[in-house]
Amino acid sequence: SFYFLSAIAARKGNLPLALELIEKGLLHCNTKPSHAVMIGDTHFDAHGAKHANTNFIGVLYGYGTREEMEREGATQFVETAKDLQSILLPNFSDKL
């Protein structure tokens, strides 16, 4: 994709820890944690991002709650995919 180097996700029935997925993604992309962002909807995702030292954006249209993610240190949240787009692609949001 033009905008994303990679997207890493668990397969159905195979639910590794979020930290493992993040580490796999960092290795696959050969990037530093500070140059990556974990986008997630549960406290497991926020926990994994915290322990992998990556940025985290909590999406509030998924399974978890803001409060659960905040308990894991999450501070940035979006309510819609459009909001997420404006954070990740600020120069292109009005063109997409």
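H1 and H2 pack at about 50°, with 7 Å between their axes (lines fitted to C-alpha atoms, for helices over the stretch in contact, with angles from 0 to 180 degrees between N-to-C directions). That makes H1 oblique to H2, since angles under 35 degrees count as roughly parallel, over 145 as roughly antiparallel, 65 to 115 as roughly perpendicular and the rest as oblique. This is a predicted model, where local features need pLDDT of at least 70 and side-chain atom pairs pLDDT 80 or more, while totals for chains, interfaces and linings use all residues. Residues are numbered from 1 along each chain as its sequence is written, and side-chain values use heavy atoms, leaving out hydrogens and water.

**Helix packing**
- The crossing of H1 and H2 is right-handed, meaning the near helix is turned clockwise from the far one by less than a right angle.
- On the H1 side, the contact (heavy atoms within 4.5 Å) is made by Ala18, Leu19 and Ile22, and on the H2 side by Phe44, Asp45, Gly48, Ala49, His51 and Ala52.
- Helices here are DSSP runs of H or I with at least four residues, and strands are E runs of at least two, both numbered from the N terminus.

- Asp45 sits in helix H2, which covers residues 43-52.
- Asp45 is buried (under 20% relative accessible area, against over 50% for exposed and partly exposed in between, with a 1.4 Å probe and protein chains only) yet has no salt bridge.
- Lys50 is its nearest side chain of opposite charge, 13 Å away; Lys and Arg count as positive and Asp and Glu as negative, with His and the chain ends not counted.
- Leaving aside residues up to four places away in sequence, Asp45 touches Ala18, Met38, Gly40 and Phe56.

**Salt bridges**
- There are 2 salt bridges in the structure, each a side-chain nitrogen of Lys or Arg within 4 Å of a carboxyl oxygen of Asp or Glu.
- Lys50 pairs with Glu72 at 3.2 Å, N to O, and this pair links distant parts of the chain, 22 residues apart.
- Lys50 is partly exposed at 40% relative accessibility, whereas Glu72 is buried at 19%.
- Glu70 and Arg66 also meet at 3.2 Å, N to O, and both lie in helix H3, 4 residues apart.

**Positive phi in two loops**
- Asn30 has a positive phi of about 50° without being a glycine, and lies in the loop between helix H1 and strand E1.
- Asn53 has a positive phi of about 60°, again without being a glycine, and lies in the loop between H2 and strand E2.
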